[in-house]
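Welcome, and take your time with this one. Please look over the sequence and turn the model around before reading on.

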Amino acid sequence: MPVAYFPVRDDAVGMDTTRPPLAVAYGGGGVFGIAYLLGVGEALLAGGVLLREAPAIGTSAGSWAAASIALGVTWAEFEPLADDVPRRPDPREGRLCETAQLLFGEARVPTMRVVACALPRLRRATLSGADYPAADLVAASSAVPGLLAPHRIGKERYVDGGVRSMVSADLADAADSLLVIAPLAGPMFGPGGWLMERTLKREMQTWMRQNHDAQAWFIRPSRAIAALARRPDQLFDADRARRCYDLAYVQGQAVLERWNAAHPDAVR
């Protein structure tokens with residue numbers, strides 16, 4: 001079953017009416033994570049959740065999901081490229097951006113931000129879709145060190161934002177509600193997934209302190225989904241990703257009724 005986390009919140013009277021009703025944070029997890037995020041996301045979209053209009057922040061795989069959902073790119077369109085995701089080191093500069101351009105072209109998404117790590121100090125940086133094409137953003141945010149070359153934007157070079165945090169939910173946009181979808185939390189990788197979930201909850205609590213009278217949900221894989229990828233290298237296995245998508249879509253459908261009842265302003 002999907003997992004929804006409800007931090008304690010004050011009465012909604014006095015809620016900041018200038019905030020959007022919903023913001024989204026998409027976490028990392030390789031091509032497996034992209035499949036998971038798009039499976040859940042497409043189910044929520046089909047049920048009327050306003051993900052496409054919501055300001056979003058994405059890390060690594062989450063940057064691909066944020067761009068895809070905002071631009072209307074589906075898993076069916078991404079899936080043929082899943083086999084093209086490197087599973088061995090590929091040092092060619094621009095390799096990842098070329099793949100992203102096949103999906104996104106030169107499109108920009110002003111409502112999207114990504115988290116990447118700026119070299120040489122691995123400083124956590126946010127990059128905006130109002131300033132750069134989506135293909136550049138996803139290449140910067142998902143350049144896994146040791147697997148892919150750093151991606152250059154302007155004078156800066158960036159590597160995968162997951163080096164510092166798999167979600168960076170604390171950097172999500174201000175909103176009345178925050179939805180976090182985290183492919184590598186909970187039962188993923190045994191104790192490692194639960195440790196990442198603890199970190200994520202701390203990030204969500206930080207976001208809550210910055211957004212008074214707001215609430216936060218998160219969705220993470222079920223045990224059945226976690227069983228598809230028991231080792232980090234399996235996150236780049238296209239066949240496992242395809243199976244993950246199907247289960248994730250069902251998981252997204254299961255959470256819809258509760259979500260729609262709690263968030264009438266964030267549903268079409």
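Here is a short walk through confidence, a pocket, a helix and some backbone details.

What you see is a predicted model, in which local features need pLDDT of at least 70, side-chain atom pairs count only at pLDDT 80 or more, and totals for chains, interfaces and linings use all residues. Residues are numbered from 1 along each chain as its sequence is written, and side-chain values use heavy atoms, with hydrogens and water left out.

Let us begin with confidence. The protein chain has a mean pLDDT of 91, where pLDDT is the predictor's confidence in each residue, from 0 to 100. A value of 70 or more is reached by 91% of the residues. Residues 5–14 are a stretch to read with care: pLDDT stays under 50 there, and the model has 21 contacts for them beyond four places in sequence (a contact means heavy atoms within 4.5 Å).

Rolling a probe the size of a water molecule over the atoms shows where empty space is left. The largest pocket holds about 420 Å³ of space. Here a pocket is an open set of points, on a 1 Å grid over the protein atoms alone, where a 1.4 Å probe fits, with protein on both sides within 12 Å along at least five of seven lines; lining residues have an atom within 4 Å of a point. The volume is the space filled by probe spheres set on the points, which are joined across faces, edges and corners. Which residues lie nearest the centre? Among the 28 lining residues, they are G30, S60, V144, D160 and F236. Helices α1 (30–46), α2 (61–71) and α4 (95–104) each supply at least two residues of this lining; helices are DSSP runs (H or I, at least four residues), as are strands (E, at least two), numbered from the N terminus.

Now find helix α5 (residues 134–141). Eight of its eight residues are buried, so α5 is largely enclosed by the rest of the structure. Buried means under 20% relative accessible area, with a 1.4 Å probe and protein chains only. D136 and S141 are among these buried residues.

Finally, the backbone. Most residues other than glycine have a negative phi, and most peptide bonds are trans. S168, in the loop between β6 (156–160) and β7 (177–181), has a positive phi near 55 degrees. D213, in the loop between α6 (191–210) and β8 (215–219), has a positive phi near 65 degrees. S168 counts as buried at 0% relative accessibility, and D213 counts as buried at 16%. A cis peptide bond joins L119 and P120, with omega about 10 degrees, and P120 is found in the loop between β3 (112–118) and β4 (123–128).

Definitions and conventions. Buried means under 20% relative accessible area, exposed over 50%, partly exposed in between (1.4 Å probe, protein chains only).
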